[in-house]
Amino acid sequence: MRVIIALMVAAGALCACNSQTPPPPPPEQAASSAPADQTAAPPPADQTAQAPAENPPAESGVSEETYTPPPPQQVVSVYQDPPDSQPPPEEIGWAPPPMLVDPPPPPPPGPQYAWTGGYWGWYGNWVWIHGRWLPPPQPGYRWFPPYYDHRGPHVVFVGGFWGGPRVSFVAPGIGLSLTLAVPLPGVMPGPPPMGPEGVFVPPPPGSRFGLIVPAPIGTPPAVVLGAPPVVAEGMRISNTNIRNTNITNTTINNTTINNTTINNVTIVAPASATANHVAVSTTVPAVAHLAAAQTPVVRVPAPSPTVAKPLPPYAPGRPVSLPPPAVVHAEVPAELQRPRAAAPAMREAGGAPAARGAPAMRPGEPSPAGRPAPGGNAAEERAAQQRAAQEQQQRAAQEQRQRAAQEAKAKRNAAQAAAERGKQQQEAAAEAKRNAAQAAAERGKQQQEAAAEAKRNAAQAAAERSKQQQEAAAEAKRKSQEQAQEQAEERSKQQAAAAAEAKEKAAQAAAAKKAADEKRKEAQEHKPPQ
């Protein structure tokens, strides 16, 4: 009997050495972690098989439950006359609802038309701005989609608008002080935005209220219409390619984006964020009417506006008459209404991960710590206690690794977001510098052209004045010559008249003298001789 006991003790020690487990915990910890009654009967098989796993790691199968469609929703749907310039930003206390689905856009009436609407706007409550084709108010004007920005517990919103050829969107400054918008009487605020801070679009139709989808500035909200609903944070949108993008920092608090044309965007989401528990990575056209034509996974149809007259742009303190709301219901496909099979379990029934290389447990089989020792040997009991303590340590270490992995993932996401913001700021600064240089060159060119034009105008004016002076001098000379000629002619006439008069007087004098001489001679002839 002693030989048998000795062999059993040696075998237990050899197994303990081969398992390469860490040293046993202190006696108090081992005693506290040991099962209260090692001879108790094992739990029923159904309880062992249905024990849920706690905090599954990211790489393990996610817990897939039945998707819960959103409840019926009251929606006010209107047409809007978009403003001809960028409206002021509004700070709103809760997130916009998930997107709705407008009817597919028809062909545009003309090449200059733009698909406007199809997004949530603000009129004292989130109101659906129904999509439609509109021509620009003036030639060269283009459409700017709405802007949503998650800042703190609130949303900064700028509605869609028309902008001129040289107009650029100016993002509200981070340090800008805004007044929280006052909702209409009787409006119940919704949940605050849930997701990282920054620019976003509302989530796909049928998503959980309050969730947001980070996206670049200028992204049409309709790009998410074809994506599955989201039930947790994780979906985001990134640019695939951008053309003709110029970013100008006009002030410290403002960022201006010029001529931004986003051709495509990429939508990504982990399986843990989507309602169908399938990861998403897809490229979507970032053109409003093409994005609005996508087939949704969950269709939440937008009601048609009951009032045909469009509303004017929203202005605080100027209430408008809104039509009564309509109730919309989500149309959920059958595959989302049925539970999906959960991923293969990566944990034991008690919640601890299965040890690598350890045999799999069968339902109804007790754990090694709960197995009775053969013969009630004290060495086997101590080994069982040590194994129980080691399993507890492994569970704690696994949970700690999971928390560390989650924290590391959060840090990576934050670092990635910071790097993205830094990259955007650097690109914005570079584009601002180039745009400033272009603006300076344009101003210099305009100044040179203005100076040349002024010089040409001055030369023309001087030439005109010189010509007028020459004409005036010639006219004065001509008049002077005419006057001198007239005077000379007058003097010549006067002289001729004087000469004729003098000649006539001389002739008269000669005739008078002749007559006198003749009288004297006649008198002498008739005088008698003395």
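Mentor: Let's start with one term: a contact means heavy atoms within 4.5 Å.
Trainee: Okay! What share of the contacts between residues at least 6 apart in sequence join residues at least 24 apart?
Mentor: That share is 69% in this protein. This is a predicted model, where local features need pLDDT of at least 70 and side-chain atom pairs count only at pLDDT 80 or more, while totals for chains, interfaces and linings use all residues. Residues are numbered from 1 along each chain as its sequence is written, and side-chain values use heavy atoms, with hydrogens and water left out.
Trainee: Got it. How many helices and strands are there?
Mentor: The protein has 20 strands and 6 helices. Both are DSSP runs numbered from the N terminus: H or I over at least four residues for helices, E over at least two for strands.
Trainee: And how much of the protein is buried?
Mentor: Out of 530 residues, 30% are buried, that is, under 20% relative accessible area with a 1.4 Å probe, protein chains only.
Trainee: Which residues touch the most other members of the largest nonpolar core?
Mentor: Those are Trp126 and Ile237, in a core of 59 residues. Such a core joins buried Ala, Val, Leu, Ile, Met, Phe, Trp, Tyr and Cys residues through side-chain atoms within 4.5 Å.
Trainee: Which strand gives the most to this core?
Mentor: Strand 6, residues 126-129, gives the most, with 4 residues.
Trainee: So what does Trp126 touch?
Mentor: Leaving out residues up to four places away in sequence, Trp126 touches Ile92, Trp94, Ala95, Pro96, Pro97, Trp120, Gly121, Tyr148 and Phe157. There is also a second, separate core of 7 residues, with Tyr147, Val158, Phe161 and Val199 among them.
Trainee: New topic: where is Arg132?
Mentor: Look in strand 7, which covers residues 132-134.
Trainee: Why does Arg132 count as buried?
Mentor: Because its relative accessible area is 19%, and the cut-off for buried is under 20%.
Trainee: Which backbone oxygen lies 2.9 Å from a polar atom of the Arg132 side chain?
Mentor: That oxygen belongs to Gln80. For a polar contact, a pair of N or O atoms must lie within 3.5 Å, one able to donate a hydrogen and the other to accept it; residues adjacent in sequence count only if both atoms are side-chain atoms.
Trainee: What else does Arg132 touch?
Mentor: Besides Gln80, Arg132 touches Tyr79, Asp81, Ala114, Trp115, Thr116 and Pro310, again not counting residues up to four places away in sequence.

Note on methods. Buried < 20%, exposed > 50% of the residue type's maximum accessible area, 1.4 Å probe, protein only.
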